[in-house]
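Here is a quick tour for anyone meeting this structure for the first time. Have a look at the sequence and the model, then read on.

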Amino acid sequence: MTNIQLNKIDHEPKPPLFADIDVGAEELILVIRKNGKPFDPQKFANTAADRARLVKKLVKLPSLIVCLEATGIHHFDLALSLHDAGVLLMVINPKAAHNVAKVLMKNSKTDAVDADTLAEYAARMDFVAWTRPSNEKLALRSFARRVNAFVNRSESGREKPSTRAHRHSRNTESGAERRQIGYRPVGETHRPLNG
């Protein structure tokens, strides 16, 4: 009978890295914590190019857990990019982030302090993975945002096309000409044209 010796395998997990990205409208602040010690904050612009550069950097770090604070629309594109790249991601409620800062007695309110606080939150709390919305929900979100942008553009002092056409027809034709081509003032929609 052959005696098989197994190599001793180190089953102790490597201490994970925890990171937070404090997300603002124009800037991203990254803080990484290892063994409870934060590294210096790193700044990135909140643009597609810098988000891609940040994701590429984070993908290279083994056993990294990233924590983001839900900041309305500003965190969403970054969260999608990180999730799609396979980075372990938590997105937390801003109220939870505020309460963690209170408990840790961090009174300073700078982006770097916020980022460090959330990295500490990720290290102390159980990991709860962010759930990516389905492609259908993302498509609906995109469509709704386009409609909203169109409506806001129309209401921001620019004249709506129907108003412009109405004003134009009023200035170029007499009342008799308008009635002949089928134009009816708003209050006259129920009366026949020639009666």
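## A buried histidine

Let's start with one residue. This is a predicted model, and in it His75 has a relative accessible area of 8%, so it counts as buried, the cut-off being under 20%. You'll find His75 in the loop that runs between strand β5 (64-69) and helix α2.

What does His75 touch, leaving aside residues up to four places away in sequence? Its contacts are Val23, Leu68, Glu69, Ala70 and Val91.

Helix α1 covers residues 48-59 and helix α2 covers residues 76-84; their axes cross at roughly 35 degrees and come within 10 Å. The crossing of α1 past α2 is right-handed.

On the α1 side, the contact is made by Arg51, Leu54, Val55 and Leu58, while α2 brings in Asp77, Leu78, Ser81 and Leu82. Sort the residues of this contact by type and you get 5 nonpolar, 1 polar and 2 charged.

## The whole chain

Now step back. The protein chain has 7 helices and 6 strands. Reading from the N terminus, the order is β-β-β-β-α-β-α-β-α-α-α-α-α.

How much of the chain is buried? Of its 195 residues, 27% count as buried. The chain exposes about 13900 Å², and carbon and sulfur atoms supply 54% of that area. Among contacts with a separation of 6 or more, 53% link residues 24 or more positions apart.

Terms used. Residues numbered from 1 in each chain as written. Predicted model: local features only at pLDDT ≥ 70, side-chain atom pairs only at ≥ 80, totals over all residues. Heavy atoms only, no water. Axes fitted to C-alpha atoms, helices over the stretch in contact; angles between N-to-C directions. Helix = DSSP H or I, 4+ residues; strand = E, 2+ residues; numbered from the N terminus. Left-handed = near helix turned anticlockwise from the far one by under 90°. Contact = heavy atoms within 4.5 Å. Nonpolar A, V, L, I, M, F, W, Y, C, P; charged D, E, K, R; others polar. Buried < 20%, exposed > 50% of the residue type's maximum accessible area, 1.4 Å probe, protein only. Areas by Shrake-Rupley, 256 points an atom, 1.4 Å probe, with all protein chains shown as cover.
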